[in-house]
Amino acid sequence: MAKPKDFLRLDMLAREDRNGRLFVDPGTAAIVDLSKVRLLRCGVDTVRQLYRGLIRPEIMALFEKPGAMVEFAGEIWHSGRVGRDSGYQYKLQNADLGFVLLIKNFNAKLEQIGPHLKIEVSPHAIDALSPERLQERMDYYAAAVMTHRERNQCAVHLALDLQGWKPPVDLVARLHCRARTHRDISGINQVEWATKSSVYGRGETSMFGSAGGVQLCIYNKTEQARATDKLDYWESVWRRRDSFDAKDPENYNPAQDVWRVELRYHHSIIQQFASGSVDVKTGQAIDTDSFAAFSAHLDGLWRYGLSQFKLLARPGYFDPIWTLMRDDARVDLPVDSLVDETEYKRYYKTSRGFSGKNVELFLGNFVSLLARERVGAKKAFETLKQWDCWPVIRDHYAAKDMSERDLYKHIKNLLEERHVRWGRAI
């Protein structure tokens, strides 16, 4: 499929202008006026920095009384256990500072070096600290948690908040992407946002892609912020630009809903970019492992995401709003963007040879164990999709022209065969 093209952009005097807000369809000459669309803020909404190391013995004492307030790294934290879905067993949280430390990986032994720490940072902490200072703070906490500490890549969420636009009713039909997963929720009463459960009646959200890859989320940020009691904070962020924009002193209109377009990048995808993207002058891979080092490349990540997820006006042409968001939005960070000096590519490990063989061997052993424990295909498949290595397995079978549905049927058939031929597998 050929890459979609953009509509012609004109200024309000109908002169060609790469920053114009009038868009002309080359085929029909129809005009789309986006002059009333306001891009309030494009920024980093979430940072997750992962670390490997050996947990200090004294750290585990902080969790002897779940729910207790404990002193750690010179601050007071709330300690507790977390659900297995997080991949970790314990957490230290300080909402005032804006940090959550997830400690002790479920799949690694306590007494061994492993991926035992993930630090999650909230929007207000990201907003208050430069990438360098934020990285220093995260590294400081990591050093207090473990010895033999080393960074193990980061994950980021990039979010654009805008007014004067809302998702079209045919969004799903016109949003083209390679993602195999889509969720659409309308008129919902409850939505879970990261670590909070929000209940409200008029929320709308649409999600494309999987949490283990690149995920696009489009939702009503005003409703979500109101439901989580964060509307005052976000309104202060949206109004911040007003004092700097003399041409448009009232950029944010509190009478209108704010919609958010959010790209969520799993740490495995950031690693693919770090390994595959190169400096156009030297040809060297950027090879980053921290948020601070990768922050200069976030503009490139934003443009890449809106080129992979394509909202089309008609076959072969981007919807003008997608062109506007992709080309005019810039990630608001106090760093010099390297987007024009870097060629962004993702490095994929081949599914042939070593990794392909191990995927096949794993699935065979996986099915044998499932048959032994009488686990059904549906539960087994859902469990498999939660595993960190699911993207590798999915892509391996996709290379064989097998969809997720095909893989589910394959597992179901293998389970039925083992039950019929051998009963409980050994």
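Two rings of Phe, Tyr or Trp (for Trp, its six-membered ring) count as a pair here if their centres lie within 6.5 Å; planes under 30 degrees apart make the pair stacked, over 60 edge-to-face, and anything else tilted. The model is a predicted one, with local features needing pLDDT of at least 70 and side-chain atom pairs counting only at pLDDT 80 or more, while totals for chains, interfaces and linings use all residues. Numbering runs from 1 along each chain as its sequence is written, and side-chain values use heavy atoms, leaving out hydrogens and water.

First, the overall picture. The protein has 13 helices and 19 strands, taken as DSSP runs numbered from the N terminus (helices are H or I with at least four residues, strands are E with at least two). Of its 426 residues, 48% are buried, where buried means under 20% relative accessible area, exposed means over 50%, and partly exposed is in between (1.4 Å probe, protein chains only). Among contacts (heavy atoms within 4.5 Å) with a separation of 6 or more, 66% are between residues 24 or more positions apart. The protein exposes about 22500 Å², and carbon and sulfur atoms supply 49% of that; the areas come from the Shrake-Rupley method with a 1.4 Å probe, and for residues only the protein chains shown count as cover.

Back to the rings. Searching the whole structure turns up 16 aromatic pairs. One of them is Phe-273 with Tyr-304, an edge-to-face pair at 4.8 Å centre to centre with 90 degrees between the planes. Phe-273 sits in helix H6 (residues 267-276) and Tyr-304 in helix H8 (residues 298-308), so this pair links distant parts of the chain, 31 residues apart. Phe-273 is buried at a relative accessible area of 0%, and Tyr-304 also counts as buried, at 17%. Another pair is Phe-381 with Tyr-408: the ring centres are 5.6 Å apart and the planes stand at 65 degrees, so this one is edge-to-face. Phe-381 belongs to helix H11 (residues 377-386) and Tyr-408 to helix H13 (residues 404-422), so the pair ties together parts 27 residues apart in sequence. Both partners are buried, Phe-381 at 7% relative accessibility and Tyr-408 at 16%.

Eight of its 11 residues are buried, so H8 is largely enclosed by the rest of the structure. The buried set is Leu-298, Asp-299, Gly-300, Leu-301, Trp-302, Tyr-304, Gly-305 and Leu-306.

A charge sits over a ring if NZ of Lys or CZ of Arg is within 6 Å of the ring centre and within 35 degrees of the ring normal. Arg-84 lies over the face of Phe-106, 4.4 Å from the ring centre, and Arg-326 lies over the face of Phe-318 at 5.1 Å.

On to the strands, which pair if DSSP finds at least two bridges between them. Three strands form an open sheet in the order S1-S2-S3, with antiparallel pairing. Strand S1 (8-10) and strand S3 (31-33) are at the edges with a single partner strand each, so one side of each has no neighbour in the sheet. Direction ignored, neighbouring strands here are turned by 25 degrees against each other on average. S1 and strand S2 (residues 22-24) run antiparallel and are joined by three bridges, with Leu-10 opposite Leu-22 in S2. Helix H9 (residues 320-328) packs on this sheet and touches S1, S2 and S3, its direction making about 75 degrees with that of S1. Axes are lines fitted to C-alpha atoms, for helices over the stretch in contact, and angles run from 0 to 180 degrees between N-to-C directions.

Strand S9 (residues 114-121) is mostly covered, with seven of its eight residues buried. S9 pairs with strand S4 (residues 38-55) in the antiparallel sense over six bridges, and Val-47 stands opposite Val-121 in S9. Strand S8 (residues 99-105) also runs antiparallel to S9, joined by five bridges; there Leu-101 has Ile-119 of S9 as its bridge partner.

Most residues other than glycine have a negative phi. Ala-14, in the loop between S1 and S2, has a positive phi of about 65 degrees and is exposed at 53% relative accessible area. Asp-229 has a positive phi of about 60 degrees, lies in the loop between helix H4 (221-227) and helix H5 (231-239), and is exposed at 71%.
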